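Dear colleague,

I am handing over the structure we spoke of, and I would be glad if you could look through it with the notes that follow.

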Amino acid sequence: MSGQPRKRRLEVEDAGDVTVVNFVDKKILEEQSIQTIGDQLFELVDGEGRKKLVLNFSNVEYLSSAALGKIIALNNRVKKAGGKLALCKIKPDIKDVFVITKLDKIIKIVDDEQTAIQSVS
Amino acid sequence: MSEKAPHPEPVGKDVVKLPSSPGHARELQDRIEALLVQTIATDRDRFCVRLALEEALVNAIKHGNQMDPGKSVTVRFQVFKDHAEFHITDEGPGFDPDDLPDPTDIENLERPCGRGVMLIRHYMHEVEYFAPGNAVLMRRFFQKAP
């Protein structure tokens with residue numbers, strides 16, 4: 001057994017062969033929690049071999065550029081593994097962040113979870 | 001008799017010296033949030049201020065001061081009924097904000113960093129950097145687009 005895991009920042013569910021991830025935190029701002037979220041997301045791909053991922057943002061109210069960096073890095077890893085990533089249920093203010101930074105051009109963003117699951121299946 | 005020009009009083013102002021650790025930035029954010037509810041700021045305004053302030057503080061602590069515990073970040077803020085302004089200075093060497101790669105260029109889109117200054121400029125109505133680039137003044141006027 002490896003060491004005790006750090007506080008779980010993600011809730012992970014399976015929908016067939018698609019992994020749906022919900023964020024525990026409302027504010028993804030702090031350096032330490034962003035680092036942990038990144039590690040836990042990367043583990044899903046690198047450690048557990050999951051290739052079809054949906055990130056559900058319904059709980060998230062704030063998100064900084066450092067958090068965007070982790071999502072971009074995740075997208076790069078998923079692509080490299082031959083998988084797909086989609087984001088859903090993003091509040092308008094947060095979605096605006098993805099649009100301003102043009103990340104909506106490289107990362108699939110849809111409104112509802114079912115559409116997101118279908119888009120990576 | 002000439003009329004006196006109106007001189008609005010801020011609902012809160014202070015000069016705060018923060019150690020170079022993100023935990024202290026959080027306390028300041030909570031203070032600002034408590035002041036913003038006493039203004040005409042909308043939910044959107046509060047979101048914009050919080051995000052821009054977060055990016056500016058992270059830039060100052062992480063990139064400016066390199067998380068050096070011997071260095072601090074000075075934040076001078078004034079929150080008025082209709083706008084808020086923040087002057088943030090770190091002890092780093094500074095940078096040229098006009099010489100950053102455009103994070104929205106196609107070749108930079110997959111880079112995981114370099115978006116903080118862009119977001120600050122988007123979410124604040126006025127942003128000014130001072131030479132040598134280790135100080136920034138930013139303002140947001142409430143109930144004004146975007």
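This is a predicted model: local features need pLDDT of at least 70, side-chain atom pairs count only at pLDDT 80 or more; totals for chains, interfaces and linings use all residues.

Residues are numbered from 1 along each chain as its sequence is written, chains are lettered from A and ligands numbered from 1 in the order in which they are written, and side-chain values use heavy atoms, with hydrogens and water left out.

Chain B holds an open sheet of five strands in the order E1-E2-E3-E5-E4, with antiparallel pairing; strands are DSSP runs of E of at least two residues and helices runs of H or I of at least four, numbered from the N terminus, and two strands pair if DSSP finds at least two bridges between them. Its edge strands, each pairing on one side only, are E1 (12-19) and E4 (126-130) of chain B, and the twist averages 10° from one strand to the next. Within this sheet, E3 (residues 83-89) and E5 (residues 135-141) of chain B run antiparallel and are joined by seven bridges, with B:Glu85 standing opposite B:Arg139.

Helix H1 (residues 22-36) of chain B lies across E1, E2 (72-79) and E3 of chain B, at about 170° to E1(B), where axes are lines fitted to C-alpha atoms, for helices over the stretch in contact, and angles run from 0 to 180 degrees between N-to-C directions. Helix H3 (residues 116-123) of chain B packs on the sheet and touches E4 and E5 of chain B, contact being heavy atoms within 4.5 Å.

Over all chains, the search finds five aromatic pairs (rings of Phe, Tyr and Trp, the last by its six-membered ring, with centres within 6.5 Å; planes under 30 degrees apart are stacked, over 60 edge-to-face, the rest tilted). One of them joins A:Phe23 and A:Phe57, whose centres are 4.8 Å apart and whose planes lie at 45°, so the pair is tilted. A:Phe23 is buried at 3% relative accessible area (under 20% is buried, over 50% exposed, in between partly exposed; 1.4 Å probe, protein chains only), and A:Phe57 is buried at 1%.

Lastly, the charged end of B:Arg50 sits over the ring of A:Tyr62, 5.5 Å from its centre, the criterion being NZ of Lys or CZ of Arg within 6 Å of the ring centre and within 35 degrees of the ring normal.
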